[in-house]
Amino acid sequence: MSFLTAPLPRRRSVAVKVGHVIVGGNAPVVVQSMTNTDTADIDSTVAQVAALARAGSELVRITVDRDESAAAVPRIRERLDRLNVDVPLIGDFHYIGHKLLADFPACADALAKYRINPGNVGFRDKRDKQFADIIEIAIKHDRPVRIGVNWGSLDQELLTHLMDENQAQGSPLTAQEVMREAIVQSALLSAARAEEIGLSRDKIILSAKVSNVQDLVAVNVELAKRSDHALHLGLTEAGMGTKGVVASSAAMGIVLQQGIGDTIRVSLTPEPGGDRTREVRVAQELLQTMGFRSFVPIVAACPGCGRTTSTVFQELAKTIQDQINDAMPLWRTRYPGVEELQVAVMGCIVNGPGESKHAHIGISLPGTGETPAAPVFIDGVKATTLRGPRIAEDFQAMVLDYIEKNYGQKSDAAE
């Protein structure tokens with residue numbers, strides 16, 4: 001019997017430089033996100049970009065949909081630079097991108113990448129010219145382009161052609177299979193056209209966005225077979241709350257496990273007034289859970305059962321997790337490598353000691369009816385047993401001491 005113990009080797013893709021970030025090639029999978037502010041509102045957009053960057057978004061996309069937003073882009077870039085937020089900005093263009101980029105060259109220059117949709121870059125006889133205009137501007141400013149196909153705005157002429165062609169065959173494909181093929185062809189034909197115009201292969205990223213898990217898997221597996229372009233993954237219109245998290249994780253997890261995907265976005269619909277940075281944390285957790293990258297220390301905690309009627313372990317796990325989330329922007333620079341830390345907060349004797357031994361530092365709290373003592377394990381060895389009313393506070397102090405001793409030394413050595 002054999003078991004799959006690791007993801008398949010990463011697919012070879014062409015590396016694309018987006019600002020100071022490398023997408024594709026041998027680079028780690030890049031996390032990106034998108035603002036939902038009115039880009040013309042400079043204050044709100046700067047604040048949200050900065051928040052997304054602090055949360056760990058390595059690329060941030062902003063909407064450029066009209067003159068006012070295009071005019072705001074250089075000022076947004078300047079404000080971010082003054083705040084020492086160097087995250088590359090991606091301009092999202094639809095319908096009139098060719099005009100906005102031509103009329104506002106400072107916008108074209110301030111952006112690190114342009115995202116265009118071949119389904120709405122132009123229509124009928126204007127489509128090819130307007131697509132070419134954008135590509136030529138990208139060449140002039142030495143900027144990469146993401147050609148992002150979306151099934152909600154798929155090229156209807158191409159889809160109709162493939163539907164008619166399929167119908168004429170003896171064993172026609174299903175409508176869903178034809179749609180998938182149309183998505184793949186739209187991306188590949190657009191990329192080929194961009195190269196014909198003169199955009200080099202290392203300036204092109206492809207994406208195929210759908211809102212169904214199996215469709216996302218199918219189109220990206222096919223794109224990977226037929227192209228070596230860097231690929232951006234994302235389930236569009238994933239939804240709110242757990243539905244969006246589960247659907248995005250399931251879809252991208254399957255594709256990433258096959259070695260496909262160079263950059264990802266988890267497109268969550270936030271609750272009214274909700275935190276936009278949640279989509280960044282979910283993307284990071286997906287990559288970290290699958291073993292591709294490390295972003296923050298992992299806190300392992302048991303789910304609780306009838307043996308753990310006390311809420312002490314839940315409260316302690318939450319406190320430590322919140323402390324990590326709040327401190328990570330500082331810890332990244334002060335404690336290099338701290339993102340590899342594993343902490344265990346367990347609730348009873350059944351799995352508590354064993355799980356704690358697997359972590360760098362772990363505590364096994366007493367379950368219902370157990371002796372009120374909590375052994376602490378450091379690097380697999382029992383270090384002490386905590387007792388009394390301050391068990392939680394004492395363990396928190398031990399975690400901070402472990403970080404200082406094991407990761408602070410690396411920082412000092414680097415200096």
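**Figure 1. Aromatic pairs.** Searching the whole structure, a predicted model, turns up 2 aromatic pairs (ring centres of Phe, Tyr or the six-membered ring of Trp within 6.5 Å; planes under 30 degrees apart are stacked, over 60 edge-to-face, the rest tilted). Phe-93 and Tyr-114 pair edge-to-face, 6.1 Å centre to centre with 90° between the planes. Phe-93 belongs to strand β5 (residues 89–93) and Tyr-114 to strand β6 (residues 113–116), so the pair ties together parts 21 residues apart in sequence. Strands are DSSP runs of E, at least two residues; helices are runs of H or I, at least four; both are numbered from the N terminus.

**Figure 2. Helices α9 and α10.** The axes of α9 (residues 241–257) and α10 come within 10 Å and cross at roughly 40° (lines fitted to C-alpha atoms over the stretch in contact; angles run from 0 to 180 degrees between N-to-C directions). In the contact (heavy atoms within 4.5 Å), α9 supplies Gly-241, Val-245, Ser-249, Met-252, Gly-253 and Leu-256. Helix α10 supplies Arg-278, Val-282, Leu-286 and Leu-287.

**Figure 3. The largest pocket.** Its volume is about 430 Å³ (space filled by probe spheres set on grid points joined across faces, edges and corners). A pocket is an open set of points on a 1 Å grid over the protein atoms alone, where a 1.4 Å probe fits, with protein on both sides within 12 Å along at least five of seven lines. Lining residues have an atom within 4 Å of a point. Of the 18 lining residues, Arg-281, Gln-284, Glu-285, Val-296 and Asn-325 are closest to the centre.

**Notes.** Residues are numbered from 1 along each chain as its sequence is written, and side-chain values use heavy atoms, without hydrogens or water. Local features need pLDDT of at least 70, side-chain atom pairs count only at pLDDT 80 or more, and totals for chains, interfaces and linings use all residues.
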